[in-house]
Amino acid sequence: MRCDTILAMVAARIDDFQPGQHATFSKTFTEEDVRRFIEITGDTNPLHVDEKFAAKTQFGHRVLHGMLTASIFSTMVGMFLPGSGAIYRSQTLRFLLPVAIGETVTAHFVVRSVDRAKHRLEIDSWIENEAGQRVIEGTCEAGLLRPTGKDEG
């Protein structure tokens with residue numbers, strides 16, 4: 001089967017998108033998620049791992065690593081909007097509020113603009129906590145794979 005045929009079967013196409021499209025994804029981060037993030041990154045900042053230390057901060061308790069929370073933007077790009085066939089090109093982040101371990105957060109993507117010539121989307125992105133408050137916000141640029149016309153071989 002040709003590579004471009006496979007892409008056509010599974011990958012999103014630039015013509016599938018228009019400004020205003022919205023997708024969401026929710027995730028509850030657990031102690032296990034924090035443990036695995038620390039294992040991968042080596043970030044053992046006591047704000048994230050030491051309850052006694054964190055209790056003495058303005059947060060009053062341990063909080064999730066900001067980048068762990070923001071990691072669900074990758075899920076959004078790869079699985080939802082644009083989804084299969086996406087290339088994550090850039091992401092700005094502003095960390096607004098802390099997220100507690102065990103709290104459910106919801107990522108939102110809204111297509112701001114579509115560049116059909118370059119096969120790119122500009123997407124407003126944010127993550128809300130359970131109270132509907134934004135904890136992270138930014139802008140994402142995602143590209144879409146284009147069929148090459150080459151055979152897989």
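What follows is a short exchange about how the labels on this predicted model are reached.

User: Why is Phe 95 called partly exposed?

Analyst: Its relative accessible area is 46%. Buried means under 20%, and exposed means over 50%. The value for Phe 95 falls in between, so the residue is partly exposed. Phe 95 sits in strand 3.

User: What makes Phe 95 part of a nonpolar surface patch?

Analyst: The patch is formed by Met 67, Leu 93 and Phe 95. Patch residues need over 30% relative accessible area, and Phe 95 has 46%. Nonpolar side chains are joined within 5 Å. Together the three residues have about 280 Å² of accessible area.

User: Why is the contact between Arg 35 and Glu 39 called a salt bridge?

Analyst: The cut-off is 4 Å, from a side-chain nitrogen of Lys or Arg to a carboxyl oxygen of Asp or Glu. In this pair the closest N and O atoms are 2.5 Å apart. That is within 4 Å, so the pair is a salt bridge. Both residues lie in helix 2, four residues apart, about one turn of the helix.

User: What does the salt bridge between Glu 122 and Arg 112 tie together?

Analyst: The N to O distance is 3.1 Å, and the cut-off is 4 Å. Glu 122 lies in strand 5 and Arg 112 in strand 4, so the pair ties together parts that are ten residues apart in sequence. Glu 122 is partly exposed at 30%. Arg 112 is partly exposed at 40%.

User: How many salt bridges are there in the whole structure?

Analyst: A search finds 13. Among them is Arg 134 with Glu 137, at 3.2 Å.

User: How do you know that the buried residues of helix 6 line one face?

Analyst: Ile 72, Phe 73, Met 76 and Val 77 are buried there. Seen down the axis of helix 6, the buried residues fall within an arc of 155 degrees, so they line one face of the helix. They pack against strand 1, helix 5, strand 2, strand 4, strand 5 and strand 6.

User: Which members of the largest nonpolar core touch the most other members?

Analyst: They are Phe 73, Leu 81, Phe 109, Leu 121, Ile 123 and Ile 127, out of 29 residues. Strand 6 gives the largest share, five residues. Beyond its sequence neighbours, Phe 109 touches residues including Phe 73, Leu 81 and Ile 123. In soluble globular proteins, nonpolar side chains tend to be buried together.

User: What makes the bond between Leu 81 and Pro 82 stand out?

Analyst: It is a cis peptide bond, with omega about 10 degrees. Most peptide bonds are trans. Pro 82 is in the loop between helix 6 and strand 2.

Methods:
Residues numbered from 1 in each chain as written. Predicted model: local features only at pLDDT ≥ 70, side-chain atom pairs only at ≥ 80, totals over all residues. Heavy atoms only, no water. Core = buried A, V, L, I, M, F, W, Y, C linked by side-chain atoms within 4.5 Å. Buried < 20%, exposed > 50% of the residue type's maximum accessible area, 1.4 Å probe, protein only. Helix = DSSP H or I, 4+ residues; strand = E, 2+ residues; numbered from the N terminus. Contact = heavy atoms within 4.5 Å. Patch = residues over 30% accessible without salt bridge, like charges linked within 9 Å, V, L, I, M, F, W, Y side chains within 5 Å. Areas by Shrake-Rupley, 256 points an atom, 1.4 Å probe, with all protein chains shown as cover. Arc of directions from axis to C-beta. Lists of a residue's contacts leave out its neighbours within four places in sequence.
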